[in-house]
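Me: Got a model open here and want a quick walk through it. Can we go piece by piece?

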Amino acid sequence: MAYVATRGGEKAIEQAERLFRQDLGTIDAARVETIRRTMPYLIDRVMGEASLYDEELAALALAQTGGELSEAVLVLRAWRTTQPRIAVARPVQQAELLTQRRISAAFKDIPGGQILGPTLDYSHRVLATDVLEGTPFAPPAVDMADHAAPQRQPPLADWQRQQGLVAPANASDVAAEDIPDLTREPLLFPASRAHRLQSLARAETGGVLALGYAAMRGYGNAHPTVNELRLAQAEVVVRHPRGTEFSAGRVRVSQAEVTSSMKGGYLELGYAATFGWNEVKVIAAATLDLNSAAAPVGSAMHEEFYLYHTESVEASGFCIHFKLPHYVTFQSVLDAMRDAKAKAAAATPAAPQMEPAE
């Protein structure tokens, strides 16, 4: 691929950027705070795809880019790369999650019970047009339960292992600081389990949904059933240089396990987790994880295909680079076309000249 230098357009380029930012208007702290407070699920999506949990910075990225998601993720990832790593958090266990929503489509009566939590799953999706006519939409108050649900819930897979339905888990002897880190290492294939799950965790939601949906509709080899879906808050526990552990805060997380057919006498499980609450993404990602093992190379369910093509920054960057000048390469296409036409015309015998009638 070749480019030619674009000259004489510096002022036009500067004005084009000014025009973009002028349309967005002034960005101040109040505007950022409004975005952060009123659009939590959008904030979650940006943080998940950027591999950075910071609600304020995610809101700023959205304000700065006018809500263009791929641009917001790009600037947030770029900012993250400038920051030092000061600690590695202790791995989070499922049983330690402060669970606010936990459901299973595989078993009705699961240990700990099903917790619906905040959801629109059972609601009519109706646009509240009255708001535009001056009637504010005020959500009805939630009736408090007589007894609060336990904050922590046991993993459903643990109960299934006790029943002999799921294969025993292999204990890992890898230290937390030695777990492969996709933000610092290239993605190579076949991907390690850690790299695959990390890549899915920050994959573009729409891309994961498209490929996961394809697998669900029959283009994969396993139709999923949601074994467990959980929305929760995870305690981020880090170690102080003096050796003591302390909580640095909590982050919202989503995780999904999906299952399908039996393999080797056990139910297979696909797994995915991500920053923020994003149910669609983790279900679709877990479906891709479930389908990976038996997927032929080159298919959309093979890990190399879906991990490369759901990487939002690389995909959007490659797509928009086609807006840059390609004058040289395109000129070569025109030259080849003109040359082919000239050769075809030279090879065509001239039509006989008709004598005019007398």
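Me: Is F322 buried, partly exposed or exposed?
Reply: Partly exposed, with a relative accessible area of 48%. Keep in mind that this is a predicted model.

Me: And which class does F318 fall in?
Reply: F318 counts as exposed, at 53% relative accessibility. The cut-off for exposed is over 50%, so F318 passes it.

Me: How many aromatic pairs turn up in the whole structure?
Reply: Four. One of them joins F107 and W159: the ring centres are 5.4 Å apart and the planes stand at 85°, so this pair is edge-to-face.

Me: Where do F107 and W159 sit in the chain?
Reply: F107 is in the loop between β1 (98-103) and α6 (156-162). W159 is in helix α6.

Me: How exposed are F107 and W159?
Reply: F107 is partly exposed at 23% relative accessibility. W159 is partly exposed too, with 25%.

Me: Back to F318 and F322. What is their ring geometry?
Reply: They form an edge-to-face pair. Centre to centre it is 5.3 Å, with 90° between the planes.

Me: New topic. Which ring does the charged end of R252 sit over, at 4.0 Å from the centre?
Reply: The ring of W277. R252 also lies over the face of Y41, 5.5 Å from that ring centre.

Me: Let's do helix α4. Which residues in it are buried?
Reply: α4 covers residues 55-65. The buried ones are L57, A58, A59, A61, L62, A63 and T65.

Me: What covers them?
Reply: The cover includes α1 (10-24), α2 (29-38), α3 (40-50) and α5 (69-80).

Me: What happens at the start of α4, and what follows the helix?
Reply: At the start, a side-chain oxygen of D54 comes within 3.1 Å of the backbone nitrogen of E56. After α4 comes G66, with a positive phi near 70°.

Me: Zooming out, how many helices and strands does the chain have?
Reply: Twelve helices and four strands.

Me: What is the radius of gyration, next to a compact globule of 358 residues?
Reply: The chain has 27 Å, while such a globule would be near 21 Å. The C-alpha trace spans about 110 × 55 × 55 Å along its principal axes.

Me: How much of the chain is buried, and what does the surface look like?
Reply: 31% of the 358 residues count as buried. The chain exposes about 23000 Å², and carbon and sulfur atoms supply 59% of that.

Key. Residues are numbered from 1 along each chain as its sequence is written. This is a predicted model: local features need pLDDT of at least 70, side-chain atom pairs count only at pLDDT 80 or more; totals for chains, interfaces and linings use all residues. Side-chain values use heavy atoms; hydrogens and water are left out. Rings of Phe, Tyr and Trp (its six-membered ring) pair if their centres lie within 6.5 Å; planes under 30 degrees apart count as stacked, over 60 as edge-to-face and the rest as tilted. Helices (H or I, at least four residues) and strands (E, at least two) are DSSP runs, numbered from the N terminus. Buried means under 20% relative accessible area, exposed over 50%, partly exposed in between (1.4 Å probe, protein chains only). A charge sits over a ring if NZ of Lys or CZ of Arg is within 6 Å of the ring centre and within 35 degrees of the ring normal. Contact means heavy atoms within 4.5 Å. A polar contact is a pair of N or O atoms within 3.5 Å; within protein, one must be able to donate a hydrogen and the other to accept it, and residues adjacent in sequence count only if both atoms are side-chain atoms. The radius of gyration is taken over C-alpha atoms; the globule rule is 2.2 Å times the number of residues to the power 0.38. Accessible areas come from the Shrake-Rupley method with a 1.4 Å probe; for residues, only the protein chains shown count as cover.
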